[in-house]
Amino acid sequence: MTEMVVAARARAPAAGRWGAGPPQELLERLKHYGQEGAFAFWDELAPEERDHLMESLDLPRIDRIIRCSLRPQGAPVPAIEPVPESSVSLLLSRTIKDKERWWRRGLRAISEGKLATVLLAGGQGTQLGSSDPKGCFSIGLPSRKSLFQLQAERILCIQKLAAQCTDAPGSTVQIHWYIMTSPFTDEATRKFFESYRYFGLEPNQVTFFQQGTVPCVSPDGRFIISFKNQVAKAPDDNGGVYAVTI
């Protein structure tokens, strides 16, 4: 994909075969944020392409992200001090009785449905020469199990241990698994789980959700345009999990 950095000095949008220039109100807003270059190819776009471009411009959010990312380095950082030793307890220094009590308390909480697990799995294996989700890869074990399968089997194991702590013999414990994908891995991840029947888990205990995206900008804060009607975007990385409401 060829990407084009569109700067404010790009040619002014003009009327073309698809009609007049961009809405004046939106053009003024773009100028306010220093992003009027996003309309550089307006006169070459079909009506539906223009609509797509305008819908993708969440200017206040984009401007906030750009300002944070380009904030001058070297800003004062609050002092960070060590946690007091009185607030730290090493597991190795605890008695066997304490460890057993904590273990059973944890399993009891799991059996009561108080635990869920989140897996951040939006990355592709591009460094391995593949566009597949990283979780689909085998890490070289004799079993050839994928990373997703290893995670699923750990959940199954903990569920069995937690079930033993319940008062009802034979009861079933489920740990809900939230898996964050990206626009580039979502479909492949879902199909992978379906093809392996969720590795023994129940489909209703696995929830897939996509992380967000952020616009790509040049070093001076200008949009990078991937197509004439589209601002280039990239996944918002692991921090995106905090912006998702499940």
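Is Asp 186 buried or exposed? In this predicted model, Asp 186 has a relative accessible area of 10%. Asp 186 is therefore buried, since a residue under 20% is placed in that class. Asp 186 belongs to helix α6, which spans residues 186-195. Leaving aside residues up to four places away in sequence, the contacts of Asp 186 are with Thr 181, Phe 208 and Gln 210.

Asp 186 also takes part in a salt bridge with Arg 190, in which the closest N and O atoms are 2.8 Å apart. The two partners both lie in helix α6, four residues apart, about one turn of the helix. Arg 190 is partly exposed, with a relative accessible area of 33%, whereas Asp 186 is buried.

The loop between β3 (176-181) and α6 contains Phe 184. With a relative accessibility of 45%, Phe 184 is classed as partly exposed. When residues up to four places away in sequence are set aside, Phe 184 touches Gln 124 and Pro 235. The C-alpha atoms of Phe 184 and Gln 210 are separated by 9.4 Å, with the two residues 26 apart along the chain. Gln 210 is also one of the residues that Asp 186 touches.

The overall architecture may now be considered. The protein chain has six helices and eight strands. Along the sequence, these elements follow the pattern β-α-α-α-α-β-α-β-α-β-β-β-β-β. The protein chain has 246 residues, of which 31% count as buried. Among contacts between residues at least 6 apart in sequence, 65% join residues at least 24 apart. The accessible surface of the protein chain is about 16100 Å², and 53% of this surface belongs to carbon and sulfur atoms.

In soluble globular proteins, nonpolar side chains tend to be buried together. Here, the largest nonpolar core comprises 22 residues. Those with the most contacts inside this core are Phe 148, Trp 177, Ile 179, Phe 193, Leu 201 and Val 206. Two or more residues of this core come from each of α4 (96-111), α5 (147-163), β3, α6 and β4 (206-210). The element that gives the most to the core is α5, with five residues. The contacts of Phe 148, not counting residues up to four places away in sequence, include Cys 136, Trp 177, Phe 192, Phe 193 and Phe 199.

Cys 136, touched by Phe 148, is buried, with a relative accessible area of 19%. Cys 165 likewise counts as buried, at 11% relative accessibility. How many disulfides does the structure hold? The structure holds zero disulfides.

Charged side chains meet elsewhere in the chain as well. The count of salt bridges comes to seven. In one of them, the side chains of Asp 98 and Arg 101 meet at 2.9 Å, N to O. Asp 98 and Arg 101 are separated by about one helical turn because they are three residues apart in helix α4. Asp 98 is buried, at a relative accessible area of 14%, while Arg 101 is partly exposed, at 38% relative accessibility. A further salt bridge joins the side chains of Lys 114 and Glu 112, at 3.0 Å, N to O. Lys 114 counts as exposed, with 63% relative accessibility, and Glu 112 is partly exposed, with a relative accessible area of 45%.

Val 83, Val 88 and Leu 90 make a nonpolar surface patch of about 290 Å². Val 83 is located in the loop between α3 (59-69) and α4, and counts as exposed at 56% relative accessibility.

Most residues other than glycine have a negative phi. Against this background, Arg 144 has a positive phi of about 60 degrees although it is not a glycine. Arg 144 lies in the loop between β2 (116-120) and α5, where its relative accessibility of 67% counts as exposed. Arg 197, another residue other than glycine, has a positive phi near 50 degrees. Arg 197 is placed in the loop between α6 and β4 and counts as exposed at 70% relative accessibility.

Key
Residues are numbered from 1 along each chain as its sequence is written. This is a predicted model: local features need pLDDT of at least 70, side-chain atom pairs count only at pLDDT 80 or more; totals for chains, interfaces and linings use all residues. Side-chain values use heavy atoms; hydrogens and water are left out. A disulfide is a pair of cysteine sulfur atoms within 2.5 Å. Buried means under 20% relative accessible area, exposed over 50%, partly exposed in between (1.4 Å probe, protein chains only). Contact means heavy atoms within 4.5 Å. A nonpolar core is a set of buried Ala, Val, Leu, Ile, Met, Phe, Trp, Tyr and Cys residues joined through side-chain atoms within 4.5 Å. Patches are made of residues with over 30% relative accessible area and no salt bridge: like charges are joined within 9 Å, nonpolar side chains (Val, Leu, Ile, Met, Phe, Trp, Tyr) within 5 Å. Accessible areas come from the Shrake-Rupley method with a 1.4 Å probe; for residues, only the protein chains shown count as cover. A salt bridge is a side-chain nitrogen of Lys or Arg within 4 Å of a carboxyl oxygen of Asp or Glu.
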